[in-house]
Amino acid sequence: MQKGGIKVLIVILVILIIVAGGVLAYKIMQDKNNTETISGSEEENNELVATIEQKEVQIYNGNDRPIAVMIDNHNGAWPQAGLQQAYMVYEIIVEGGETRLMALFKGADLEKIGPVRSARHYFIDYAMENDAIYVHFGQSPQAQSDIKKFSINDINGISEDGTTFWRVKDKYAPHNAVTSTEKLLESAKSKNYRTTSTEESVLNYVTDEVNLEDGQVAETITIPHSDLQTVTYEYDTENQVYVRYARGEEQVDWDTEEPVKTKNIIITFCDNYTLTDSENKGRQGLKNIGTFDGYYITNGKAIKIQCIKEARDEKTIYQDMNGNEIEVNDGNTFVHICPTDADVTIEGPEETTATNTVSE
């Protein structure tokens, strides 16, 4: 072969080597980019999963069955333990103008709850609609009858073995019986009660903040259950919660002494009445089946609502005045059930006052 031909061949080989090297380099870069893309996608997916998890409702999740505990609300029982850790607390009138509280816990681990007090039959309605184990220390005759009638899974301190409940020395009887979630679950399991639940919450919790843009300003809420028991809530603007007062006294936790606060307040107006029974102790009944006026209050605003309960064992539905189920902020809730003539006031900074004339 002539020298010229050899040179041409060498040039062609060099070109081929350069092209092959370029193709190889391109493939390597593509593989690297694909790896980075896949890796980036995994990171994005993880971030998406984390975001979804963060968006889950926190106040009511998991499959733990709720536990509803009757809490003494006589001033001799103050301060109480466990109210701040409850996802819902119901306050309803009992005899003598006193009220009693029923605190609901789900998946909580509390060393002290109480003081625990006796059952009243209309509280059973709200234990049933929350699919809760009902905890009390004693009972009225009406409650005893209804616990049997509705086959309620209840834990009664009077008939326990002495370890589920105990009495403390820094309060006097009958305002000093306490319990814990651990002891209650042990008792429930020994009775073969179901301790898990797939029931949805009574309230329609949402993760996006509910601000009630069309609501009225609600910075001070006054709820007189009776001549004896008036509850007031003051809005903490910085933390967007309401601080609870009863009979002019700030309510605090028994052990931590921290103020009791709530994210949501629901008021239902329905009448109570005095029972005519042989014991003549002034025990109350509650006309709570039907449609009732009320308020939903959160984040410094209040709207009028309707509270619908069609049967004792059915969930209460809370609707706005357009018939839509209200969305409730992801946080604890105090539910006040008080007489229709209760002079409830909702006040803002300009002393704008609303009363319980919801349907007008």
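Q: So, Y60: buried or exposed?
A: Y60 is buried, with a relative accessible area of 12%; buried means under 20%, exposed over 50%, and partly exposed in between, using a 1.4 Å probe on protein chains only. Keep in mind that this is a predicted model, where local features need pLDDT of at least 70, side-chain atom pairs count only at pLDDT 80 or more, and totals for chains, interfaces and linings use all residues. Residues are numbered from 1 along each chain as its sequence is written, and side-chain values use heavy atoms, with hydrogens and water left out.

Q: Which ring pair does Y60 form with Y205?
A: A stacked one, at 6.5 Å centre to centre and 25° between the planes. Rings of Phe, Tyr and Trp (its six-membered ring) pair if their centres lie within 6.5 Å; planes under 30 degrees apart count as stacked, over 60 as edge-to-face and the rest as tilted.

Q: Where do Y60 and Y205 sit in the chain?
A: Y60 is in the loop between α1 and β1, and Y205 is in strand β8 (residues 205–206), 145 residues apart. Helices (H or I, at least four residues) and strands (E, at least two) are DSSP runs, numbered from the N terminus.

Q: What about burial of Y205?
A: Y205 is buried, at a relative accessible area of 9%. Y87 is buried too, at 3%, and ring pairs link Y60, Y87 and Y205 into a cluster.

Q: How many aromatic pairs are there in the whole structure?
A: The search finds 8. In one of them, the ring centres of Y60 and Y87 are 5.3 Å apart and the planes are at 80°, so that pair is edge-to-face.

Q: Switching to helix α4: which residues are buried there?
A: In α4 (residues 181–190), the buried ones are T181, L184, S187 and A188. Seen down the axis, they fall within an arc of 125°, so they line one face of the helix; the arc is that of the directions from the helix axis to the C-beta atoms.

Q: And what's exposed on the other side of α4?
A: E182, K189 and S190.

Q: What do the buried residues of α4 pack against?
A: They pack against β1 (67–71), β4 (133–136), β5 (154–156), β6 (165–167) and β7 (177–179), with contact meaning heavy atoms within 4.5 Å.

Q: What follows α4?
A: N192, whose phi is positive, near 60°.
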